[in-house]
Amino acid sequence: MTAAVQKLVTFQTGEIARHLKRLSAEDRRLRFGTYMSDTAVERYVDKIDFSRDKVFGIFETGLVLSGVAHLALEPDSGAAELGLSVDSGHRGKGYGFTLLNRGKLHAQNLAYKKLYMHCLAENQIMIHLARKAGMQVVTEQGESDAHVVLNEATYGDHTRELMGDQVALIDYLLKRQTRWLQRPPG
């Protein structure tokens with residue numbers, strides 16, 4: 001079973017920042033290509049343009065955000081860039097691949113022509129995910145670029161995204177209710 005991927009919105013920027021700040025210094029370096037302090041992470045999150053870009057996340061039972069994908073949309077070029085991260089304790093569950101595919105589907109459904117990712121050449125996990133998703137990977141001078149030409153969206157693609165959004169909403173609401181029911185009385 002794949003994890004439910006929720007579309008995140010502006011009021012969830014605090015949760016996105018908490019997720020990114022939980023990443024180790026090395027994981028942040030691999031995610032962003034350079035070291036990112038807590039302050040730099042907060043600035044990055046504050047600059048996400050939710051009116052244009054899309055951010056997706058996977059929530060655990062306690063409503064802790066364990067995986068995040070930022071799909072930066074570039075309308076003028078018809079290209080979309082995807083960056084993602086998964087908490088170390090949740091790796092190996094397919095979350096990264098699920099987030100990548102969710103971003104790819106969304107970009108395709110918006111009629112974007114190309115999806116790309118950029119990472120350090122040493123980030124073998126991202127390179128593996130990119131290849132698994134059918135992306136072509138080119139590595140030069142310590143950096144890797146992955147890209148894939150997106151197909152024209154079909155009715156089935158739009159339906160799959162819509163159904164995924166509904167499942168994610170139900171998943172989120174159930175986790176929220178479970179957290180509420182588990183709180184101490186008083």
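Contact, in these legends, means heavy atoms within 4.5 Å. The structure shown is a predicted model.

**Figure 1. Overview of the protein chain and its 6 helices and 7 strands.** Along the sequence, these elements follow the pattern β-α-α-α-β-β-β-α-β-α-β-β-α. The radius of gyration of the protein chain is 17 Å, close to the 16 Å that the globule rule gives for 186 residues, so the chain is as compact as a globular protein of that length. Its C-alpha atoms fill a box of roughly 60 × 40 × 30 Å along the principal axes. Of the 186 residues, 46% count as buried. Among contacts with a separation of 6 or more, 62% involve residues 24 or more positions apart.

**Figure 2. The open sheet of 7 strands.** The strands lie in the order β1-β2-β3-β4-β5-β7-β6, and their pairing is mixed. At the edges are β1 (6–8) and β6 (136–140), each of which pairs on one side only. Neighbouring strands are turned by 25° against each other on average, direction ignored. Helix α5 (residues 124–132) packs on the sheet and touches β4 (79–86), β5 (114–120), β6 and β7 (143–149). The direction of α5 makes about 160° with that of β5. Helix α6 (residues 155–181) also packs on the sheet, where it touches β1 and β2. The direction of α6 makes about 85° with that of β1.

Figure 3. Strand β3 has 9 of its 10 residues buried, so it is largely enclosed by the rest of the structure.

**Figure 4. Nonpolar cores and the surroundings of Leu-84.** The largest nonpolar core has 28 residues. Those with the most contacts inside this core are Leu-71, Leu-82, Leu-84, Leu-99, Leu-115 and Met-135. Two or more residues each come from β2, β3 (65–74), β4, α4 (95–109), β5, α5 and β7. Leaving aside neighbours within four places in sequence, Leu-84 is in contact with Arg-31, Val-68, Ala-69, Gly-96, Leu-99, Leu-100, Met-126 and Leu-129. A second, separate core of 18 residues includes Leu-8, Leu-23, Val-45 and Val-68.

**Figure 5. Buried residues of helices α1 and α2.** In α1 (residues 13–22), the buried residues are Glu-15, Ile-16, Ala-17, His-19 and Leu-20. These residues pack against β1, α2 (25–32), α3 (38–46), β2, β3 and β4. In α2, the buried residues are Asp-27, Arg-28, Leu-30, Arg-31 and Phe-32. Their packing partners are α1, α3, β3, β4 and β5. After α2 comes Gly-33, whose phi is positive, near 85°.

**Figure 6. Thr-98 in helix α4.** The relative accessible area of Thr-98 is 16%. This value is under 20%, the limit for a buried residue, so Thr-98 is buried. Apart from its neighbours within four places in sequence, Thr-98 is in contact with Thr-2, Ala-3 and Val-5.

**Figure 7. Glu-143 in strand β7.** Glu-143 counts as partly exposed, at 36% relative accessibility. Neighbours within four places in sequence aside, Glu-143 is in contact with His-118, Cys-119, Leu-120, Ala-121 and Val-138. Glu-143 and Gly-33 are 110 residues apart in sequence, and their C-alpha atoms are 8.8 Å apart in space.

Note on methods: Residues numbered from 1 in each chain as written. Predicted model: local features only at pLDDT ≥ 70, side-chain atom pairs only at ≥ 80, totals over all residues. Heavy atoms only, no water. Pairing = 2+ DSSP bridges. Helix = DSSP H or I, 4+ residues; strand = E, 2+ residues; numbered from the N terminus. Axes fitted to C-alpha atoms, helices over the stretch in contact; angles between N-to-C directions. Rg over C-alpha atoms; globule rule 2.2 N^0.38 Å. Buried < 20%, exposed > 50% of the residue type's maximum accessible area, 1.4 Å probe, protein only. Core = buried A, V, L, I, M, F, W, Y, C linked by side-chain atoms within 4.5 Å.
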